[in-house]
Amino acid sequence: MVFAKRLRNDLELIVTALRSCPGDIRAVVVESTYNWYWLVDGLRSAGFDVRLANTAAVKQYDGLKHGDDFSDARHLAQLLRLGILPQGYILPTGAAGLRDLMRKRAQLVRQRTTQILSIHNLLARNLAKSVKGDAIKRLEDGRLTLWRCLRTRSVL
């Protein structure tokens, strides 16, 4: 490790600090936290060899007495130096945003499916009626209220 200092989330400040280090920096290790895209993209476009540490796969030494950012950084630098740093995949610049949108869409689809199944189960449990998911999807505001349905025991 050739540099250790806590810096603000400011790309220009970070690049300037890294360029002021004595000797050549062979690589920069970045932890794969939720907001690493901007830093990795910026460091790569500034010409640095960036490695993304897969923090879920990094095992700390047993018996470490201190666990802070500086000891974590030293540990990651040592793993990189030894050639055993577990790494994550770095998407091409700009692709991370698209991946995040696709992940959000998949999450919303799962939530929608969960809600449809929940309504289906409510109707089956309370009315002994089976309503297909497509019919539930086609429900419009005002066409059916769950209260009316349960109270009158009528469905679609």
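This is a predicted model: local features need pLDDT of at least 70, side-chain atom pairs count only at pLDDT 80 or more; totals for chains, interfaces and linings use all residues.

Of its 156 residues, 22% count as buried. The chain exposes about 11500 Å², of which carbon and sulfur atoms supply 52%. As for contacts between residues at least 6 apart in sequence, 52% of them join residues at least 24 apart.

Let us turn to helix α4, which covers residues 95–127. Its 33 residues reach 48 Å from the first C-alpha to the last, close to the 48 Å expected at 1.5 Å a residue. Within α4, the residues A96, I116, L123 and L127 are buried. Just after the helix, A128 takes a positive phi of about 55°.

Is L101 buried or exposed? This residue, which also belongs to α4, counts as exposed because its relative accessibility is 58%, and the cut-off for that class is over 50%. Together with L98 and M102, L101 makes a nonpolar surface patch of about 340 Å².

Finally, I draw your attention to D41, in helix α2, residues 37–45. D41 is buried, yet it has no salt bridge. The nearest side chain of opposite charge is that of R44, 5.0 Å away. Which residues does D41 contact, leaving aside its neighbours within four places in sequence? They are T93 and G94.

Thank you for your attention.

Methods:
Residues are numbered from 1 along each chain as its sequence is written. Side-chain values use heavy atoms; hydrogens and water are left out. Helices (H or I, at least four residues) and strands (E, at least two) are DSSP runs, numbered from the N terminus. The expected span of a helix is 1.5 Å times one less than its number of residues. Buried means under 20% relative accessible area, exposed over 50%, partly exposed in between (1.4 Å probe, protein chains only). Lys and Arg count as positive and Asp and Glu as negative; His and the chain ends are not counted. A salt bridge is a side-chain nitrogen of Lys or Arg within 4 Å of a carboxyl oxygen of Asp or Glu. Contact means heavy atoms within 4.5 Å. Patches are made of residues with over 30% relative accessible area and no salt bridge: like charges are joined within 9 Å, nonpolar side chains (Val, Leu, Ile, Met, Phe, Trp, Tyr) within 5 Å. Accessible areas come from the Shrake-Rupley method with a 1.4 Å probe; for residues, only the protein chains shown count as cover.
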